[in-house]
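I opened a new page today to keep track of what I looked up in this structure. Short notes follow, one topic per entry.

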Amino acid sequence: MKYGKYGLVLGGVVAMMMAFSGQAMAVDTDAEQLERMKDPDQWPAPGRDFALTRHSELSDISTDNVDNLQMIWNQSTGALRGHEGQPLVIKDVGGKPMMFFISGCPSMANCNVVQALDLSDPDHPKQIWHYVKTTDRDESAIPRACCDTVNRGGSYADGKFVYGTLDGWLIALDAQTGKEVWVVKSAWPERGETITPAPLIADGKVIIGFGGDEFAARGRITAYNLEDGKQAWLCHSTGTDDQVCLDENTNKDNPHYGVAGHDLGIKTFPGDDYKLGGGAAWGWYSYDPDLKLVYYSTGNPGLWSPQYRCPDKTHEECNSTNPDELGEGVGKFDNKWSMTIFARHVEDGRAVWAYQMTPFDQWDYDGINENFLTDMEIDGKEVKALTHFDRNGFAYVMDRTNGDLLRAHKYVTTNWAEKIDMETGRPIKVREHSPLEVGRNVQSCPSAMGGKDQQPGSVDPKEPNIFYMPTNNWCMELEPQERTHTNQGTVYVFANVYMYPEKPGVTGKIKKFDALSGETVWEIPDQYPNWSGTMVTDGGLMFYGSLGGDFRAVDRDSGKVVWSRKLGSGIIGNPITYKVDGKQYVSVFSGIGGWIGLPVTAGLDLNDKFGAIGATAMTKAANLDKIPQGGSLNTFRVFE
């Protein structure tokens with residue numbers, strides 16, 4: 001079997017995948033990127049490094065002088081909404097230190113504008129180019145963006161800045177000039193597909209997925225050669241073993257996760273529903289350059305009304321395993337490979353292992369959150385670990401070489417499952433909180449927005465089991481509805497969702513959490529949800545932003561907020577830090593948006609408690625409608 005050669009049917013058109021000979025022009029970028037990642041003065045990748053630690057060794061800004069941290073410059077993004085993601089800072093782009101960042105997509109005329117700033121005078125940056133694609137745009141992407149018209153940033157290697165647009169274009173720009181190097185179409189809004197994630201550049205390839213589970217998209221991830229944009233490989237989340245890129249070695253150490261030979265990506269759905277099966281990879285991607293493995297996770301399956309994915313069955317039948325029919329440990333209605341952590345060979349996409357966190361999902365516990373790569377001592381052994389804080393409320397620690405499940409702790413209030421069975425890896429679900437039948441209203445925690453959504457946490461590799469996590473602290477009532485169509489590109493949810501704070505007045509908490517012990521070291525409650533990422537530094541600080549617009553620095557040891565500044569809008573972006581001319585800077589986007597901010601940015605009726613799939617109720621409860629809009633990049637340094 002040779003992955004990268006099989007044919008895929010896309011919208012009725014057969015597109016033959018490139019043979020491995022098509023990869024001959026790919027350049028090996030790992031060494032180049034690793035060298036930049038060793039330099040703390042730069043922020044060279046979305047998560048700063050391949051492991052997504054969002055950790056910086058810079059310590060000039062510290063607990064001793066953070067009181068003197070002040071804004072030094074502010075730059076408009078040119079957009080009102082969608083300010084997830086983060087800038088990149090590259091020290092040497094044609095001899096200049098440069099910053100690159102991307103706007104959201106409020107309209108196609110102003111969609112995903114890239115700005116390139118010369119940081120040679122770091123207190124007074126100068127824009128030297130900007131770029132926005134002006135041809136072949138697809139206006140239909142905007143109403144098909146779930147949730148909000150966000151963009152989570154770009155990636156840099158080999159002199160190119162690479163990013164995706166909401167309407168499905170993957171674009172490589174010459175980082176010095178802003179001129180197009182290549183442009184390829186990677187997602188199709190008419191099929192429910194919109195690009196919101198930042199791509200990963202690894203092994204000379206650009207790897208990217210898309211969002212669209214709520215529009216009946218069929219998830220996949222694609223790798224393109226960085227040099228010329230030609231497709232290197234493509235792997236679906238549902239379909240045949242070949243289409244999912246499984247082989248006889250997939251899950252060889254954990255066959256109970258599911259193995260090749262059964263076409264589980266088809267047979268764990270009823271009929272042809274796998275073609276609308278979701279599993280979009282719209283989150284964050286990590287990479288181990290020694291193992292040559294790419295790690296990412298997939299989203300929810302198909303529609304939110306789960307009875308259609310397990311027709312005419314009881315709760316017990318929908319969640320039972322069928323060893324004789326589909327292999328050990330697999331259920332007939334698991335809806336594989338949604339809600340799954342994948343480890344794939346970067347060369348050709350072959351899956352080394354795949355672990356499904358929420359088989360037969362009934363709550364929209366989208367599994368796309370980041371996978372941290374740290375090396376831990378676990379049970380007396382040195383382990384190349386992967387840690388994943390899932391929307392379903394559990395924090396998983398796994399051996400990233402083979403997928404062994406080592407820990408699974410609740411990190412927020414979670415009642416839909418008692419625990420994770422460490423032998424099988426499957427959750428022990430609670431029938432009382434299982435919204436299976438159409439019309440049956442069920443309470444469950446966490447809400448569909450999860451214990452955390454895509455907002456990324458951080459970890460210092462020197463403390464590889466300690467994570468600084470933005471969390472959501474609310475629950476929901478979910479009532480499945482009748483399915484009225486099976487059309488791709490049209491809202492495909494069919495559920496009423498009402499979300500509410502777990503505790504009145506507290507909707508977000510920042511937690512310092514030990515993923516091995518399952519203990520919360522400290523937490524910071526907030527009246528506003530935490531939709532910003534965190535960043536941890538060797539200055540003893542952790543930075544994050546509130547949807548109320550407060551940008552904060554926290555003492556890592558005590559959990560005390562030691563500095564705070566009110567910005568012009570709510571913060572859903574991720575902080576970065578860098579150093580130019582001997583001065584350390586911290587930057588973060590402000591500009592309310594994302595799923596939690598969509599009712600504000602889209603002007604929805606807050607009295608409709610089911611609006612934006614439950615977000616309107618949370619917006620009203622947290623008074624987010626009082627937060628002004630407007631996108632900007634805010635940069636700070638210490639003034640002595």
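**Entry 1: ground rules**

I am working with a predicted model, where local features need pLDDT of at least 70, side-chain atom pairs count only at pLDDT 80 or more, and totals for chains, interfaces and linings use all residues. Residues are numbered from 1 along each chain as its sequence is written, and side-chain values use heavy atoms, with hydrogens and water left out.

**Entry 2: the whole chain**

I looked up the helices and strands and got 7 helices and 40 strands. Both kinds are DSSP runs numbered from the N terminus: helices are H or I with at least four residues, strands are E with at least two. The C-alpha trace spans about 70 × 60 × 55 Å along its principal axes.

How many of the 640 residues count as buried? I got 67%. Buried means under 20% relative accessible area, with exposed over 50% and partly exposed in between (1.4 Å probe, protein chains only).

I also checked contacts, meaning heavy atoms within 4.5 Å. Among contacts between residues at least 6 apart in sequence, 63% join residues at least 24 apart.

Residues 319-404 come out as 5% helix and 41% strand, with the end C-alpha atoms 22 Å apart. For residues 523-586 I got 0% helix and 53% strand, and 23 Å between the end C-alpha atoms.

**Entry 3: the largest pocket**

First, the term. On a 1 Å grid over the protein atoms alone, a cavity is a set of points where a 1.4 Å probe fits but cannot get out, while a pocket is an open set with protein on both sides within 12 Å along at least five of seven lines; lining residues have an atom within 4 Å of a point. Grid points are joined across faces, edges and corners, and a volume is the space filled by probe spheres set on the points.

The largest pocket holds about 580 Å³ of space. It has 25 lining residues, and Asp 49, Ala 51, Thr 53, Leu 373 and Pro 461 are the closest to its centre. Which element gives the most to this lining? It is E21, with 3 residues. I sorted the lining into 10 nonpolar, 4 polar and 11 charged residues. In this scheme Ala, Val, Leu, Ile, Met, Phe, Trp, Tyr, Cys and Pro are nonpolar, Asp, Glu, Lys and Arg are charged, and the others, Gly among them, are polar.

**Entry 4: the second largest pocket**

This one has about 430 Å³ of space. Its lining counts 22 residues, and Phe 215, Val 491, Leu 598, Ala 612 and Ile 613 lie nearest the centre. Strand E31 (495-501) and helix H7 (611-621) each give two or more residues. The lining splits into 17 nonpolar, 2 polar and 3 charged.

**Entry 5: helix H7**

I followed H7 up, since 9 of its 11 residues are buried and it is therefore largely enclosed by the rest of the structure. Ala 612 and Ile 613 are among the buried ones. The buried residues of H7 pack against strand E30 (474-480), E31 and helix H6 (594-601). After H7 comes Asn 623, with a positive phi near 60°.

Is E10 (residues 160-164) mostly covered or mostly open? Covered: 5 of its 5 residues are buried. Lys 160, Val 162 and Gly 164 sit on one side, Phe 161 and Tyr 163 on the other.

Two strands pair if DSSP finds at least two bridges between them. E9 (residues 155-157) runs antiparallel to E10 and is joined to it by 3 bridges; Ser 155 has Val 162 as its partner. E10 and E11 (residues 169-174) are also antiparallel, with 5 bridges, and here Val 162 partners Ala 172. The E10-E11 hairpin has 4 residues between the strands, and Gly 168 in the turn has a positive phi of about 100°.
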